[in-house]
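Here are a few friendly notes to read alongside the model. Please keep the sequence and the 3D view open as you go through the points.

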Amino acid sequence: MSQAEFKRRLKALMLKPENQVCSDCPERQPRWASLIVPPPGAPAGSLPMGAFCCLECSGSHRRLGVHISFVRSVNLDQWKEKEVLAMENGGNGKVNAIFEAHINVTKPNNSASGPVRERFIRDKYERRKFYDPRAFEATAQMNNGGGQEEEAVIAGVQRRLASQRNARTPSDAARRRVEERAARNRSGGNVSTSSPRRKPKAPPAPVPVAAAPEPVADLLDFGDFTSVEAATTFNNATSTPQLLRHHQHHQLWHHQQL
């Protein structure tokens with residue numbers, strides 16, 4: 001049998017009024033289960049009995065040891081067929097009728113400390129101060145009778161929960177938002193919404209670059225005599241044969257004058 005079926009059977013047990021309060025304190029909506037080993041004096045062949053308890057009391061049940069109690073989480077743990085049968089064999093009403101048959105103390109309240117809870121739970125299940133084995137027979141008759149009444153209560157609770165779920169239908173605006181979000185996810189975020197799109201701004205026009213001014217002619221410019229071209233022209237001019245002959249002629253004239 002699947003875990004889903006086990007959880008369905010457990011939730012049906014939790015809908016019973018007796019199981020909507022912790023077996024050891026007034027805490028409501030218990031989500032933990034204690035599978036209690038049949039104590040001495042139990043009828044031969046008795047199965048373990050399950051009780052629903054709150055988180056705080058479940059810690060004390062766990063410390064009793066597996067020879068007395070085996071603790072499971074209704075929501076978090078994986079369940080077995082024999083464990084679900086133990087819960088169906090028990091119930092908080094049956095467990096308390098057996099283990100609190102002669103109770104003469106006040107049960108811990110919601111704000112009780114850990115030591116106070118553990119002392120009561122050990123007195124109840126380990127030391128069995130309030131236990132009466134004769135209560136097994138009375139609880140057997142309790143389980144056989146009143147089944148139709150309990151089924152009617154469970155059916156009423158289930159109808160109420162179903163009507164609450166149906167009353168929480170989303171509004172049209174919420175459905176539209178969900179559909180738009182799903183469409184955006186499918187198309188990569190390109191779906192247009194009701195808000196208008198802004199047109200992209202045009203890029204700014206390029207700034208014209210001013211043309212470089214034309215050079216102004218210098219009428220007194222005799223050229224650059226420091227340039228390589230001017231130096232080459234000057235050297236060529238001073239090394240021509242005409243200049244050499246002019247120099248020789250000048251020397252001859254000067255000699256004749258002397």
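1. Let's begin with Ser 34. Leaving aside residues up to four places away in sequence, Ser 34 touches Met 49, Gly 50, Ala 51, Cys 53, His 61, Ser 69 and Phe 70, where contact means heavy atoms within 4.5 Å.

2. A word on the source: this is a predicted model, in which local features need pLDDT of at least 70 and side-chain atom pairs count only at pLDDT 80 or more, while totals for chains, interfaces and linings use all residues. Residues are numbered from 1 along each chain as its sequence is written, and side-chain values use heavy atoms, with hydrogens and water left out.

3. Ser 34 lies in strand 1 (residues 32-36); strands are DSSP runs of E with at least two residues, helices are runs of H or I with at least four, and both are numbered from the N terminus. Ser 34 counts as buried because its relative accessibility is 0% (buried means under 20% relative accessible area, with a 1.4 Å probe and protein chains only).

4. The side chain of Ser 34 has a polar contact of 2.8 Å with the side chain of His 61, and another of 2.4 Å with that of Ser 69. Such a contact is a pair of N or O atoms within 3.5 Å; within protein, one must be able to donate a hydrogen and the other to accept it, and residues adjacent in sequence count only if both atoms are side-chain atoms.

5. Helix 4 is largely enclosed by the rest of the structure, because six of its eight residues are buried. These are Asn 92, Lys 94, Val 95, Asn 96, Ile 98 and Phe 99.

Conventions
Buried < 20%, exposed > 50% of the residue type's maximum accessible area, 1.4 Å probe, protein only.
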